[in-house]
Amino acid sequence: MTDEFTVEREDSPGHGRYVIHLPGGLEAEMTFRKMGDSVIAIDHTYTPPEFRGQNIALMMIERGVADARRDGVKVKPECSYAVVQFKRHKDWADLLA
């Protein structure tokens, strides 16, 4: 079911978010703060209750990790979900700020 979801990135000065627009006008999001030019802090993830259990939050974190690798940026996981995912994915350890 997650194949039908698209992760979009929105950037603003100092912060940004990854968002998935869901049926019914709902959104899942992962927000981040820019800590200078070389570090982002993932500070929040949210998936509406009716869409949980479909790895939607993980899709957003994976996109963030891919973008961080591409851009040469380190990641500081702050929200509990991001912390857990970085512990599970040892291959992301090189990105930790």
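Strand E1 (residues 8–12) pairs with strand E2 (residues 15–22) in the antiparallel sense, over five bridges. This is a predicted model. Within the pairing, Asp 11 has Gly 16 of E2 as its bridge partner. The two strands form a hairpin with two residues between them, and Gly 14 in the turn has a positive phi of about 90 degrees.

Strand E3 (residues 26–34) pairs with E2, again in the antiparallel sense, over eight bridges. Here the bridge partner of Ile 20 is Ala 28 in E3.

## The sheet as a whole

Five strands make up an open sheet in the order E1-E2-E3-E4-E5, and the pairing is mixed. E1 and E5 stand at the edges with a single partner strand each, so one side of each has no neighbour in the sheet. On average, and with direction ignored, neighbouring strands are turned by 25 degrees against each other. In a regular strand, side chains alternate between the two faces of the sheet.

## Helices on the sheet

Helix H1 lies across E1, E2, E3, E4 and E5. Its direction runs at about 140 degrees to E2. Helix H2 also packs on the sheet, where it touches E4 and E5. The direction of H2 makes about 120 degrees with that of E5.

## The two sides of H2

Which residues of helix H2 (residues 80–88) are buried? They are Ala 82, Gln 85 and Phe 86. Seen down the axis of H2, these buried residues fall within an arc of 100 degrees, so they line one face of the helix. An α-helix has 3.6 residues a turn, so residues three or four places apart point the same way. The face of H2 turned away from the buried side carries Ser 80, Lys 87 and Arg 88, which are exposed.

The buried residues of H2 pack against three elements: strand E4 (39–46), helix H1 (56–71) and strand E5 (74–77).

Gln 85 is located in helix H2. Its relative accessibility is 4%, and because the limit for a buried residue is under 20%, Gln 85 counts as buried. Apart from neighbours within four places in sequence, Gln 85 is in contact with Leu 58, Ile 61 and Trp 92.

Val 75 belongs to strand E5 and is buried, with a relative accessible area of 1%. What does Val 75 contact, leaving aside its neighbours within four places in sequence? The contacts are Ile 40, Ile 42, Ala 68, Phe 86, Leu 95, Leu 96 and Ala 97. Phe 86 is also one of the buried residues of H2. Val 75 and Asp 94 are 19 residues apart in sequence, and their C-alpha atoms are 9.3 Å apart in space.

## Salt bridges around Arg 9 and Asp 11

The structure holds 14 salt bridges. Side chains of opposite charge can pair when their charged atoms come close. Asp 11 forms a salt bridge with Arg 9, and the closest N and O atoms of this pair are 2.8 Å apart. Both residues count as partly exposed: Asp 11 has a relative accessibility of 43%, and Arg 9 has 28%.

Arg 9 also forms a salt bridge with Asp 67, with the closest N and O atoms 3.3 Å apart. This pair links distant parts of the chain, since Arg 9 is in strand E1 and Asp 67 in helix H1, 58 residues apart. Asp 67 is buried, at a relative accessible area of 4%.

Lys 34 counts as partly exposed, with a relative accessibility of 31%. Salt bridges that share partners join Arg 9, Asp 11, Lys 34, Arg 63, Asp 67, Arg 70 and Asp 71 into one network.

Terms used:
Residues are numbered from 1 along each chain as its sequence is written. This is a predicted model: local features need pLDDT of at least 70, side-chain atom pairs count only at pLDDT 80 or more; totals for chains, interfaces and linings use all residues. Side-chain values use heavy atoms; hydrogens and water are left out. Buried means under 20% relative accessible area, exposed over 50%, partly exposed in between (1.4 Å probe, protein chains only). Helices (H or I, at least four residues) and strands (E, at least two) are DSSP runs, numbered from the N terminus. The arc is that of the directions from the helix axis to the C-beta atoms. Contact means heavy atoms within 4.5 Å. Two strands pair if DSSP finds at least two bridges between them. Axes are lines fitted to C-alpha atoms, for helices over the stretch in contact, and angles run from 0 to 180 degrees between N-to-C directions. A salt bridge is a side-chain nitrogen of Lys or Arg within 4 Å of a carboxyl oxygen of Asp or Glu.
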